[in-house]
Amino acid sequence: TGSGSGTVTSVPAGIDCGTDCSESYAASTAVTLTATPANGYAFSAWNGGGCSGTGTCTVTMSQAQSVSATFSLAPTSVLSALSISGGATQLASGSSFTLAATASYSNGSSKAVTPIWSSNSTAVSVSSSGQVTAAQVSINTPVTVTASYTEGGVTRTASLGLTVTASTGARLGSNSVQGSA
């Protein structure tokens with residue numbers, strides 16, 4: 001029998017519980033049961049027939065046996081944080097670098113994601129791929145670049161503070177000396 005959502009199958013064939021949860025086998029037959037959870041469920045445990053744990057269950061038929069499989073809702077993993085990598089704290093006028101974003105989840109996993117990028121200043125432009133390009137500025141300009149990512153109804157943001165540094169191009173001029181000898 002089963003509870004929750006999933007199927008139990010057997011080797012030798014006969015049990016396909018969902019639809020056929022009972023089968024007759026010859027005495028001394030070793031029947032191996034396998035539990036497969038439905039999407040969104042996890043197999044929790046065996047009960048009966050001398051079985052326990054979450055691996056396969058092998059029952060030797062010496063008499064009628066009753067084994068149940070318990071399935072439960074799989075724990076969901078929730079978006080817990082967003083981080084930015086690949087940047088620097090200073091960016092020279094006219095130059096660029098590319099940022100990347102990584103989402104972290106409540107189950108400890110993480111993955112690269114494509115967030116919505118923005119900045120609080122016209123001193124930089126940020127493309128949808130995370131490329132940050134500095135405009136020409138005449139004074140050092142502080143900027144915050146922000147990534148925003150939503151998954152499963154949860155939104156997380158991360159920010160990177162940087163300074164766009166002013167151009168320091170050489171200035172050319174002429175000097176003339178006048179005088180009499």
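Author: Contact, or touching, means heavy atoms within 4.5 Å. This is a predicted model, in which local features need pLDDT of at least 70 and side-chain atom pairs count only at pLDDT 80 or more, while totals for chains, interfaces and linings use all residues. Residues are numbered from 1 along each chain as its sequence is written, and side-chain values use heavy atoms, with hydrogens and water left out.

Reader: Which residues does Ala 134 touch, not counting residues up to four places away in sequence?

Author: Ala 134 belongs to strand S15, which covers residues 131–134 (strands are DSSP runs of E, at least two residues, numbered from the N terminus). Beyond residues up to four places away in sequence, Ala 134 touches Leu 91, Ala 92, Ser 93, Gly 94, Ser 95, Ala 123, Val 124 and Val 164.

Reader: How far apart in space are Ala 134 and Ala 123, C-alpha to C-alpha?

Author: Ala 123 is among the residues that Ala 134 touches. The two are 11 residues apart in sequence, and from C-alpha to C-alpha their separation in space is 5.9 Å.

Reader: Why does Phe 71 count as buried?

Author: Phe 71 sits in strand S7, residues 68–73. A residue is called buried when its relative accessible area is under 20%, exposed when over 50%, and partly exposed in between (1.4 Å probe, protein chains only). Phe 71 counts as buried because its relative accessibility is 6%.

Reader: How many strands does the secondary structure of the protein come to?

Author: S7 and S15, the strands that hold Phe 71 and Ala 134, are two examples. With helices being DSSP runs of H or I of at least four residues, the protein has zero helices, and its strands come to 17.

Reader: What radius of gyration does the protein have?

Author: Along the principal axes, the C-alpha atoms fill a box of roughly 130 × 30 × 20 Å. The radius of gyration is taken over C-alpha atoms, and the globule rule is 2.2 Å times the number of residues to the power 0.38. Whereas a compact globule of 181 residues would come near 16 Å, the protein has 33 Å.

Reader: What percentage of the 181 residues in the protein do buried residues make up?

Author: Ala 134, with a relative accessible area of 5%, is buried, and Phe 71, at 6%, counts as buried too. Across the 181 residues of the protein, the buried share is 28%.

Reader: Among contacts in the protein between residues at least 6 apart in sequence, what percentage join residues at least 24 apart?

Author: The contacts considered here are those between residues at least 6 apart in sequence. Of these, the share joining residues at least 24 apart is 53%.
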